[in-house]
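Subject: Handover of a structure model

Dear colleague,

Please find the structure below for your own work.

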Amino acid sequence: MAYRAFFALPDTLVTSSGQVTNAVYGFTSMLTNLLRDEQPTHVAVAFDAGRVTFRTEQFAEYKGNRDATPEVFRGQVPLIKEVLEALRIPSLQREGIEADDILATLTQRGTEAGMEVLICSGDRDALQLVTDDVTLLYPKRGVSDLVRMTPGAVEEKYGIPPERYPDLAALVGETSDNLPGVAGVGPKTAAKWVTAYDGLDGLLEHVDELKGKAAQNLRESVDQVRLNRVLNALLRDVELPLTVEELALAGFDREAVHRVSDTLQFGALRDRLLAVDPSAEAAVETAKGGVEVDLVALEPGELAAWLAARAGTRLGLDVTGTATPGASDAWEVALAAPAGNGATGAGTAVVVDLADAAPDDERALAAWLADPGAPKVVHGAKSAWHMLAGRDLELAGVSFDTELAAYLCYPDQRGYDLADLVVRHLGRELTVGEPEGAQGALDLAMADDDDPHEDPRSRQAAVRAVAVADLATALTGQLADRGADGLLTDLELPLTGVLGRMEATGIAADVEYLTELERQFASAVADAAAEAYDVIGRQVNLGSPKQLQEVLFDQLAMPKTKKIKTGYTTDAASLQDLYVKTGHPFLEHLLAHRDVTRLRSTVEGLLKSVAPDGRIHTTFQQTIAATGRLSSTDPNLQNIPIRTEEGRRIRRAFRVGEGYETLLTADYSQIEMRIMAHLSGDEGLIDAFRSGEDLHRYVGSRVFDVAPSEVTPEMRSKIKAMSYGLAYGLSAFGLSQQLTIPTSEAQSLMDDYFTRFGGVRDYLTGVVEEARATGYTATILGRRRYLPDLTSDNRQRRQMAERMALNAPIQGSAADIIKVAMLGVQRELDSRGLASRLLLQVHDELVVEVSPGEREAAEDVLRTQMGAAVELDVPLDVSVGAGATWHDAGH
DNA sequence: GACTCCACGTA
DNA sequence: CGTACGTGGAGTCA
C-alpha cells in the first residue's frame with residue numbers, strides 16, 4: 001500500500017528539509033481513513049523483509065522482473081514504522097517471508113479467534129483468503145479508492161469462488177511476480193476449466209482430454225503451472241512474535257504523533273489522525289465525567305480563607321484578559337490546586353471576576369499575587385504579568401511557567417499551546433468537565449450571567465488553571481532530565497519580568513518625522529517606478545516576482561538567474577549580478593524601487609504601531625527561536641535598518657522620551673567570535689582577543705603570514721567574512737560566492753585559516769561529533785537543542801542539522817549571556833534606585849533610556865553587568881554610545 | 001480569509 | 001552550497 005502511495009502521489013510532497021513524504025503521507029492517510037471508516041479493534045501492519053524469500057529459493061526468477069526499490073521509497077519505510085509506533089500499531093516482518101504471508105497467518109488466527117477480518121493489500125494473491133468472515137480491501141486506483149472484495153465480489157469478477165483464485169492465477173500467470181502463465185489462457189478460460197474440473201488438481205488429471213490450442217499449451221507448461229500454484233499459496237502458519245490479542249488498538253502515543261507530525265510536517269493529516277485516536281474518546285469521557293475540576297463557588301469575602309488553607313501550595317493560575325503591551329487588561333483570574341490531591345482526583349479551583357469582586361477578595365487576591373513566597377504556576381508568565389499590570393496587580397512568586405518549560409525541553413517546536421501540551425503530556429483533552437446534572441454548554445451559556453461559576457468561560461479558565469498545575473508536575477521531571485531547571489528558574493522566569501517592563505515601557509517615536517519620512521520614501525518609490533516603466537515601455541507590478549520574471553527573461557531576454565520553485569530568482573544579489581552583466585538601466589531603477597519600497601513599508605509599519613502614549617511597544621517572544629534568542633514582533637524592532645544611510649534615517653525616529661535625558665546603547669563587540677575562542681580554546685584566537693588588536697587584522701596577519709600593519713582592507717574583509725561564516729557552517733563554495741572569488745581560492749583560504757587556528761577546526765568537528773553521539777548541542781549555560789537529523793540517511797537533512805549543530809552553541813551562548821546581562825542590568829538599576837530603564841534588546845545590544853543625571857551611572861551599570869555576565873577565557877568587550885536618537889546613540 | 005512563496009531587514 | 005528570526009506583497013485556493 002505504501003508503494004502504491006509512492007507512485008500515486010507526486011514526489012513534490014516534501015518537507016522543508018528535503019525529505020520526500022509521498023509514501024508515508026499516502027500510507028498514513030489511507031490508514032487514517034481505515035481507522036475512521038472500519039473502526040477496527042485490532043490492527044497490524046506487515047512489511048516485506050527483503051528480496052530473498054522462500055519463493056525465490058524455489059524459483060529464482062520470482063519477482064525477478066522488478067526494478068530495484070527506489071531509494072526515495074526505501075527511505076520512507078522507517079518513517080512509516082515511526083508513524084505506526086506513534087499509533088501503537090505493531091509492525092511485523094520476517095526475513096524470508098513476504099508481507100502477504102504474515103497477513104495470511106494473521107487472517108487465519110483472527111478467524112480462529114472468531115474475529116471478522118479485513119485485509120488491505122495490493123497483492124491479488126490475498127484474494128485466496130477471502131471468506132464470509134474475511135474481506136479484502138483492494139486498491140482500485142491510487143490508495144484511497146478501495147474495493148471491498150467479498151466472496152460474492154470475487155465470484156462476480158473472476159467467475160470462481162475465492163479459494164479457487166490461486167488455481168486460476170496459476171494458469172493465467174502473474175506478471176507482477178514474474179510467474180509465466182499458459183499461453184492463450186486468460187482469466188475466462190482458466191475459470192471455465194477450474195470450474196469444470198473442480199479445481200486445478202482435477203484439471204491437471206484430465207489435461208489430456210482437453211482440446212484446442214490453449215490445451216496444447218497447457219500440456220506443455222504443466223510443470224510451470226504446478227510451480228505457480230505452489231508459489232502463490234500464502235503461508236498461514238508463519239511464526240510471529242505477537243498473538244492476535246496483542247494487536248488490540250491501545251490508543252495513540254499522542255506526544256509521539258505530534259513529534260512525528262512535526263518532522264514530517266503533517267498539517268491537516270495530523271488533525272485527521274488525532275481525530276481517529278481510539279483513546280481520545282476515553283479522555284473526553286473522563287472530562288465529561290466532571291472529574292477534572294471542582295469549581296468552588298465562594299461567597300464574597302471567602303477568598304482569603306480559601307487561599308490561607310492552601311498557603312505554601314503551588315497553585316495553578318490562569319488570567320483571562322488582553323496582553324497588549326501598554327494597553328493590557330485582566331478580566332478574570334482562576335486559581336487551582338492541582339488534580340490528584342483530593343479523593344476524587346479533581347482539581348479544586350476558584351474563579352475571581354475582577355469586575356465585581358468583593359473588596360476583601362480583591363485585597364486577598366492582590367496580596368497573594370504579589371507575594372513572592374506564594375508559589376504559582378502559569379502558562380505564559382509574561383502575558384499574565386501584562387494583564388494583571390493593566391489592573392495594577394503585581395505578579396510575583398511565579399515558580400514555574402509551563403510554556404517556558406516546554407520551550408526549554410523542545411526548543412525546535414513551533415508553538416506551545418496549552419491544549420496541545422495537555423494532550424501530549426497528560427494524555428487528556430483540555431475540555432470543560434460538565435458539572436453534575438448540566439446538559440451541555442448551551443444550558444451553561446443561558447444560565448445567570450452574573451454568577452461566574454455558571455459561565456462556561458469561567459469553567460474553561462478553571463480547567464486551564466488545573467491543567468497548568470498538573471502540567472507543571474509532568475514537565476518538572478522532563479526539565480530536570482535535560483538539566484534545564486536552573487535555566488528556567490534563574491534565567492527565563494526572572495527575565496519575563498524584565499521583558500514585561502521593557503514592553504510596557506516601549507520606545508518613544510517621532511511621529512512627525514516618520515510621517516515626513518514616509519512621504520519622502522513614497523515619492524522616491526513613485527519616481528523609481530516611473531523611470532523603470534519608461535525604460536521598458538509599459539507598467540508592471542514591480543513588486544511581483546512573477547511579473548518581473550516576464551520582463552527580465554522574456555521581454556528583455558536577460559540571462560537566467562538561479563532557479564527557484566516558481567522560475568528564476570529576482571533577488572537583489574541576482575539583479576546586481578545581471579546589472580553588471582547587461583548594464584540595463586531597468587535594473588538600476590528596479591533595485592532602487594526595491595530599496596525604497598522596503599524602507600517605506602518599514603516606516604508605514606512603525607507609524608501604525610505607535611501607541612496613544614506616543615511610544616512603540618514591541619513584544620519580545622521568548623519561546624520562538626530554537627537557539628535561545630529572543631525575537632521581536634508587532635512590530636519587529638530587531639530588524640530596523642542600519643547598513644545604508646537611507647535606512648539609518650529610520651533610526652532617527654526612535655527618540656529619547658519626554659522627561660528623560662538621553663538614549664544609551666551598549667553592545668557586545670564580536671561576541672560570537674569570542675564565544676568561539678572560548679569554546680574552542682584555540683590559543684591563537686584567544687591571544688587575538690587578549691592582545692587588544694583589531695580581531696580581523698590580527699587573524700588576517702596570521703592567515704596571510706604578514707605583519708598586522710600589512711593587512712590590506714581587502715584581506716581584512718575576506719577574513720571577516722570567513723570568521724563569521726565558520727560559525728554558520730559556511731562551505732568553501734558559499735565563501736567563494738560571497739567574496740566573488742573562485743572556489744579553489746576560497747578553499748585554500750579556509751585551509752590556511754585552519755592551519756593557523758587548528759583549535760577552531762577541532763572544536764567545530766568535535767561539536768558535531770558530540771551532538772551526533774548525545775543527540776543534542778548545549779550552550780555554556782546548558783541550554784540544549786536536540787538535532788535528531790544528525791543521524792538522518794538523507795544527506796540534505798543531515799548536513800542542515802550539522803550546520804545547526806555548529807551554530808546553536810555559539811548563537812545560543814550569546815543569547816544566554818545577554819539574558820544574564822539583562823537580569824544584572826535590571827537588578828542594578830533597581831537596587832541603585834535609578835529611574836533609567838531598559839527599552840530594547842537586539843541580540844547583542846541593549847538600549848536604555850536614561851533619566852536626567854543618571855548618564856554615568858547607567859553607563860556604569862551597562863558596562864559592568866554586560867561585561868561580567870559570564871566568565872570566559874577572553875574578555876567580553878562592551879561599547880557604549882549615547883544620543884538623543886537610536887541613530888545617534890549607535891556607534 | 002487562510003495559506004504559501006518570495007524578498008529582505010536585523011544579529 | 002551560512003545560522004536565527006518577522007513582515008509585507010503577490011499569488012493561489014477554497
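For the classes used below, Ala, Val, Leu, Ile, Met, Phe, Trp, Tyr, Cys and Pro count as nonpolar, Asp, Glu, Lys and Arg as charged, and the others, Gly among them, as polar. The model is predicted, so to speak of local features a pLDDT of at least 70 is needed, side-chain atom pairs count only at pLDDT 80 or more, and totals for chains, interfaces and linings use all residues. Residues are numbered from 1 along each chain as its sequence is written, chains are lettered from A and ligands numbered from 1 in the order in which they are written, and side-chain values use heavy atoms, with hydrogens and water left out.

DNA strand C

A residue is near a strand if one of its heavy atoms lies within 4 Å of it. By class, the surface near DNA strand C consists of eight nonpolar, 17 polar and six charged residues. In total 31 residues surround DNA strand C, and the closest are Asn 541, Ser 544, Asp 634, Tyr 728 and Ser 731. Sugar or phosphate makes up 76% of the atoms of DNA strand C within 4 Å of the protein, and bases make up the rest.

Helices (H or I, at least four residues) and strands (E, at least two) are DSSP runs, numbered from the N terminus. Helix 36 contributes the most to the surface near DNA strand C, with five residues. At least two residues each come from helix 25 (545–555), helix 27 (585–609), strand 17 (631–633), helix 33 (732–739) and helix 36 (795–831).

Several polar contacts (pairs of N or O atoms within 3.5 Å; within protein, one must be able to donate a hydrogen and the other to accept it, and residues adjacent in sequence count only if both atoms are side-chain atoms) are listed here. An N or O atom in the side chain of Ser 631 is 2.9 Å from a phosphate oxygen of DNA strand C. Gln 811 places a polar side-chain atom 3.0 Å from a sugar or linking oxygen of DNA strand C.

DNA strand B

DNA strand B is surrounded by 21 residues, the closest being Thr 570, Ala 572, Arg 594, Arg 598 and Ile 642. Of the atoms of DNA strand B that come within 4 Å of the protein, 80% belong to sugar and phosphate. The surface near DNA strand B divides into seven nonpolar, seven polar and seven charged residues. A backbone N or O atom of Ile 642 lies 2.8 Å from a phosphate oxygen of DNA strand B, and for Arg 643 the corresponding distance is 2.9 Å. A polar side-chain atom of Arg 629 is 3.0 Å from a base nitrogen of DNA strand B.

Strand 23

Strand 23 (residues 845–850) is largely enclosed by the rest of the structure, because six of its six residues are buried (under 20% relative accessible area, with a 1.4 Å probe and protein chains only). Glu 845, Val 847 and Glu 849 point one way, while Leu 846, Val 848 and Val 850 point the other way. Two strands pair if DSSP finds at least two bridges between them. Strand 23 pairs in the antiparallel sense with strand 19 (residues 662–668) over six bridges, and with strand 22 (residues 837–841) over four bridges. Asp 667 stands opposite Glu 845, and Arg 837 stands opposite Glu 849.

Yours sincerely

Key
Buried < 20%, exposed > 50% of the residue type's maximum accessible area, 1.4 Å probe, protein only.
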